[in-house]
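Dear colleague,

Please find below the structure for your records. My notes on what was found in it follow directly after.

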Amino acid sequence: MSASNLKLVQRLSFVISCGELLIVPVEEITEKLQSQGVSHVRRITIRRDGRLLNTKHLILTFSSAKLPEHIKAGYIRLSVRVYIPNPLRCFQCQRFGHSKSSCRGTLTCARCAEVGHDSTTCTAKEKSINCKGDHTSLSWDCFAWKQEKEIISTKIKHQISYA
């Protein structure tokens with residue numbers, strides 16, 4: 001494997017899912033999986049009712065070019081699959097591919113796609129700024145979101161650039 005391909009492999013992240021690891025600290029998981037080539041572990045979290053909650057899903061980064069189909073966590077054999085992140089969406093303009101901190105667009109409502117207000121108190125009819133569909137800009141049913149997710153998936157699986 002060439003050095004450039006090795007760099008790409010080293011940057012790929014993979015996911016495991018295991019409810020038994022939910023209460024185990026990430027530092028301990030990282031330490032125990034180092035012998036299997038894992039260099040970094042990050043837990044996927046979700047926000048519910050304003051609180052950040054841990055999930056049973058862990059993102060693993062491997063330090064070696066040889067990637068396993070599974071790993072062993074204690075007595076449990078866990079399948080390893082490629083991690084495909086969700087598209088990055090700006091909370092300012094609601095467009096994909098950048099964050100609010102680097103946005104040059106105008107404040108746009110995630111609910112109604114109108115410029116000049118945010119979605120916290122909006123009660124207008126739902127409309128996506130990205131595909132003009134009858135759903136919010138943060139909907140996973142959005143055609144534009146699905147298209148962005150597919151681009152990210154293809155990019156990662158085939159190790160190619162966004163362009």
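**Overall arrangement**

Along the sequence, the elements of the protein chain come in the order α-β-α-β-β-β-β-β-α. That amounts to 3 helices and 6 strands. Please bear in mind that this is a predicted model.

The mean pLDDT of the protein chain is 88, and 91% of the residues score at least 70. Confidence is highest in helix α2 (residues 26–33), with a mean of 95, and lowest in helix α1 (residues 3–11), with a mean of 45. Over residues 1–10 the pLDDT stays under 50, and the model has 12 contacts beyond four places in sequence for this stretch.

As to overall dimensions, the radius of gyration is 19 Å, whereas a compact globule of 163 residues would have one near 15 Å. Along the principal axes, the C-alpha atoms fill a box of roughly 55 × 40 × 25 Å. Of the 163 residues, 34% are buried. Among contacts with a separation of 6 or more, 44% join residues 24 or more positions apart.

**Domains and annotation**

The domain assignment divides the protein chain into domain 1 (13–82) and domain 2 (87–138). Their C-alpha centres are 32 Å apart.

The UniProt record, an unreviewed entry, carries the annotation "domain: CCHC-type" for residues 89–105 and 108–124. In the model, residues 89–105 are 0% helix and 0% strand, with 12 Å between the end C-alpha atoms. Residues 108–124 are likewise 0% helix and 0% strand, and here the end C-alpha atoms lie 13 Å apart.

Leu58 belongs to strand β3 (residues 51–62). Is this residue buried or exposed? Leu58 counts as buried because its relative accessible area is 0%, and the cut-off for burial is under 20%. Leaving aside residues up to four places away in sequence, Leu58 touches Phe14, Val15, Ile16, Leu21, Ile29, Val41, Arg42 and Arg43. By contrast, Gly97 is 39 residues from Leu58 in sequence, and their C-alpha atoms are 24 Å apart in space.

**Helix α3**

Helix α3 (residues 143–157) has 15 residues, and the distance from its first C-alpha to its last is 21 Å, close to the 21 Å expected at 1.5 Å a residue. Its buried residues are Ala144, Trp145, Glu148, Ile152, Ser153 and Ile156. An α-helix has 3.6 residues a turn, so residues three or four places apart point the same way. The cover over the buried residues of α3 includes β6 (81–82). After α3 comes Gln159, with a positive phi near 50°.

**Two further residues with positive phi**

Asp49 is not a glycine, yet has a positive phi of about 50°. Asp49 sits in the loop between β2 (38–48) and β3. Its relative accessible area is 82%, and therefore Asp49 is exposed, the cut-off being over 50%.

Gln94, also not a glycine, has a positive phi of about 75°. Gln94 lies in the loop between β6 and α3. With a relative accessible area of 3%, Gln94 is buried.

Yours sincerely

Key:
Residues are numbered from 1 along each chain as its sequence is written. This is a predicted model: local features need pLDDT of at least 70, side-chain atom pairs count only at pLDDT 80 or more; totals for chains, interfaces and linings use all residues. Side-chain values use heavy atoms; hydrogens and water are left out. Helices (H or I, at least four residues) and strands (E, at least two) are DSSP runs, numbered from the N terminus. Buried means under 20% relative accessible area, exposed over 50%, partly exposed in between (1.4 Å probe, protein chains only). Contact means heavy atoms within 4.5 Å. UniProt positions are given in the numbering used here, feature names are shortened, and annotations may be inferred rather than shown by experiment. Domain bounds come from an automatic or database domain assignment. The expected span of a helix is 1.5 Å times one less than its number of residues. pLDDT is the predictor's confidence in each residue, from 0 to 100. The radius of gyration is taken over C-alpha atoms; the globule rule is 2.2 Å times the number of residues to the power 0.38.
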